[in-house]
Amino acid sequence: MLVQGSEKPTQIESVKSSKASVVEQQSPVSASDVKQSAKNTAPEQGQVAVLSRWAKKGQLSQAMAQVEHREMTIKQLYSGLEKLAQQLKSMPSSAPVSALQSHSMTQQITQLQQQASAQSSGLNSQLKVQQPNAQVVRQLNSKVDLISQRPHDESIHLLLGRSGKAVHLQLPANQSEAENLNTIAEAFAKQQINVEVNRDNRLLFTTSPEHSDALKENWVITGQGVRVAAGNPISLQLSELASPLDQLEESVKKQQDVSAHLDFINRAQRQLKANLLQIQAQHRELTAQLQQIEKSADVSGEQMTQLSQSLKSKMLTPNVDNIAVITAQANMTRSMVKYALA
C-alpha cells in the first residue's frame, strides 16, 4: 500500500522537532565563560614561571659551587707545586737530591696526587679540565720503535684489538724518522686515529670516544724486518699517558738533578694555569646567568606567600590541569636540596 502524500510532512516535522529539542538541551559556551577560563589559567602559568626560575637558580647555584671548588683545588695544587719548586731552587741546579729530601718530596707529591685525582677536582689524569666527549689518548710501548731509520725494508701489519681495524705499514730502507712518522700517520688516519710523537720520542695515538676501542684493546703485530721479526705474532698493549705529577714523582724517586724536577713542576703549573683560565670563564658565565634570573624574578614576599598558599590549595585538591605546577615545584625542591647538600 502506497503512503499518502499527506503522511510525509508529518514524519519530517517530527524529526525536525526532535533535533531542535537536542540542540536546546546543549549548553552554549559564552564569551564570559572563555574569559573566566583564561583568567583562571593565567595565575597558574605565572606560578609555573616563578617556580621554573627558582629551579633554574638552584641548578645554577649548584654548578657555581662545583666551579668554585674546582678553582680552589687548582690554586691549591699550584701552590703545592710552587712550594716544592722553592725547596728545589735553594739547592744547586746540577746536584741530585738526597735520599732524605727525595722521601720528603715524595710524600708532598703523593698528597697532591690524591687531591688531583678526587672526583670533585674536575681534573683528568693529565691535570686538564674533564670534558664529556674528550678524545682518548694512548702511547706506544717505549720498547717498540717504528720511526727510527733502518737499513732494510720493513713490512708491518697491526691488528687493532677486536675492533676489526687493521693497519699495514711499508717503511722503505733508509727512510728518515720524519718520513716514517708521516707514513704511519697517513696509515692510521684511514682509521680515524691521529699519530704524533711526544717529548720522549714515543708515538701517541689520539681518537674520538666512538673509535676508542681500537686503542684500549691489545694490538697484534706481525711482519718482516728488523723491528718485527718474522714468526709468532706479538701482543702489545698501549698505555695511558703518565700524569705530570706521576712524572715528577718518578723523577724524584730516581734522585735526578734539580733541574729535571723543576722542568716537570713547570709543565704541571702551565697546565694548571690553562685550567684556571677555563674555570674562571665558566664562573663568569654562571654569574651572568644568575644575575639575569634575579633581574627577571621580581617577586615580592607577599607574592611568594600568595603563591605558596595557592600551591598548597591545589595540591590538596589535585587536578590534571595542575600537573605542570606540581612538577615545577618538584624540580625546584630537588635542585635546592642537591645544592644544600653539595
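This report walks through salt bridges and aromatic pairs in a predicted model.

## Ground rules

Residues are numbered from 1 along each chain as its sequence is written, and side-chain values use heavy atoms, with hydrogens and water left out. Since the model is predicted, local features need pLDDT of at least 70 and side-chain atom pairs count only at pLDDT 80 or more, while totals for chains, interfaces and linings use all residues.

## Salt bridges

The count here is eight salt bridges, taking one to be a side-chain nitrogen of Lys or Arg within 4 Å of a carboxyl oxygen of Asp or Glu. One of them pairs aspartate 145 with arginine 150, with 3.2 Å between the closest N and O atoms. Aspartate 145 is partly exposed at 28% relative accessible area (buried is under 20%, exposed over 50%, partly exposed in between, using a 1.4 Å probe and protein chains only).

Then there's glutamate 217 with arginine 162, where the closest N and O atoms sit 3.0 Å apart. This pair links distant parts of the chain, 55 residues apart: glutamate 217 is in the loop between helix H5 (213–216) and strand S6 (219–224), and arginine 162 is in the loop between strand S2 (154–160) and strand S3 (165–171). Helices (H or I, at least four residues) and strands (E, at least two) are DSSP runs, numbered from the N terminus. Arginine 162 is exposed, with a relative accessible area of 75%.

Arginine 267 is partly exposed at 21%, and aspartate 263 is partly exposed at 29%. Through shared partners, salt bridges join Arg199, Asp263 and Arg267 into one network.

## Aromatic pairs

Searching the whole structure turns up three aromatic pairs. Rings of Phe, Tyr and Trp (its six-membered ring) pair if their centres lie within 6.5 Å; planes under 30 degrees apart are stacked, over 60 edge-to-face, and the rest tilted. Phenylalanine 188 and tryptophan 219 have ring centres 5.7 Å apart and planes at 20°, so they count as stacked. Because phenylalanine 188 lies in helix H4 (residues 177–189) and tryptophan 219 in strand S6, the pair ties together parts 31 residues apart in sequence.

Phenylalanine 205 is buried at 0% relative accessible area, and tryptophan 219 is buried at 1%. Phe188, Phe205 and Trp219 make up one aromatic cluster.
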